[in-house]
Amino acid sequence: MLKDFLLVGAGSFLGGGSRYLLSKLIQAWVPVSFPFGTFTVNILGCLLIGFLSGLQYSGGWMSPSTKLILTTGFCGGFTTFSTFMNESTALMRDGNTLYLGLYIALSLMLGMVAVVAGHAFSKMI
């Protein structure tokens with residue numbers, strides 16, 4: 001149990017740090033108030049967790065410890081539901097209903113597509 005806890009913690013540390021850097025880099029390039037940084041990170045995280053989860057079904061490419069650090073740890077730290085909701089609330093508070101609707105709808109739809117695509121990519125290996 002302690003080993004698994006430390007594996008998830010290490011993965012979360014790397015995922016959270018990666019999320020912070022990538023989302024800030026992306027957002028710095030975008031001149032509008034749409035939260036592209038978090039949006040991009042969450043969709044990439046969905047693609048990655050779909051791919052990694054699919055690998056376990058296609059021949060056991062990962063040990064349980066590797067799966068734990070990459071999916072629960074890294075992907076869990078990399079993606080962020082709380083930031084998604086906070087940014088959605090900020091868009092609502094600012095009266096930016098168009099961006100709010102796009103952010104929520106596209107995040108959910110593309111997130112699902114990304115997970116399914118990740119699973120499909122893993123089957124190609």
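In what order do the elements of the protein chain run from the N terminus on?

**Figure 1. The whole protein chain in a predicted model.** From the N terminus, the order of elements is α-α-α-α-α. The protein chain has five helices and zero strands. Its C-alpha atoms fill a box of roughly 50 × 30 × 25 Å, taken along the principal axes. The protein chain has 125 residues, and 30% of them count as buried. Among contacts between residues at least 6 apart in sequence, 73% join residues at least 24 apart.

**Figure 2. The crossing of helix H1 and helix H3.** Helix H1 covers residues 2–29, and helix H3 covers residues 64–78. Their axes come within 6 Å and cross at roughly 40°. The crossing of H1 and H3 is right-handed. In the contact of H1 with H3, nine residues are nonpolar, nine are polar and three are charged.

**Figure 3. The contact of helix H4 with helix H5.** The axes of H4 and H5 come within 8 Å, and they cross at roughly 155°. H4 is therefore roughly antiparallel to H5, since angles over 145 degrees count as such. On the H4 side, the residues are Phe84, Glu87, Ser88, Leu91 and Met92. They meet Tyr99, Leu100, Tyr103, Ile104 and Ser107 in H5. By type, the residues of this contact divide into seven nonpolar, two polar and one charged.

**Figure 4. The largest nonpolar core.** Eight residues make up this core: Phe34, Phe39, Ile43, Phe84, Leu91, Leu100, Tyr103 and Ala114. At least two of its residues come from each of helix H2 (36–55), helix H4 (81–93) and helix H5 (97–123). H5 gives the largest share, three residues. A second, separate core has seven residues, among them Val41, Leu52, Met62 and Phe74.

**Figure 5. The surroundings of Tyr103.** Which residues is Tyr103 in contact with, leaving aside its neighbours within four places in sequence? They are Phe34, Pro35, Thr38, Phe39, Phe84, Glu87, Ser88 and Leu91. Phe34, Phe39, Phe84 and Leu91 belong, with Tyr103, to the largest nonpolar core. Phe84, Glu87, Ser88 and Leu91 are among the H4 residues that meet H5.

Terms used. Residues numbered from 1 in each chain as written. Predicted model: local features only at pLDDT ≥ 70, side-chain atom pairs only at ≥ 80, totals over all residues. Heavy atoms only, no water. Axes fitted to C-alpha atoms, helices over the stretch in contact; angles between N-to-C directions. Helix = DSSP H or I, 4+ residues; strand = E, 2+ residues; numbered from the N terminus. Left-handed = near helix turned anticlockwise from the far one by under 90°. Nonpolar A, V, L, I, M, F, W, Y, C, P; charged D, E, K, R; others polar. Core = buried A, V, L, I, M, F, W, Y, C linked by side-chain atoms within 4.5 Å. Buried < 20%, exposed > 50% of the residue type's maximum accessible area, 1.4 Å probe, protein only. Contact = heavy atoms within 4.5 Å. Parallel < 35°, antiparallel > 145°, perpendicular 65-115°, else oblique.
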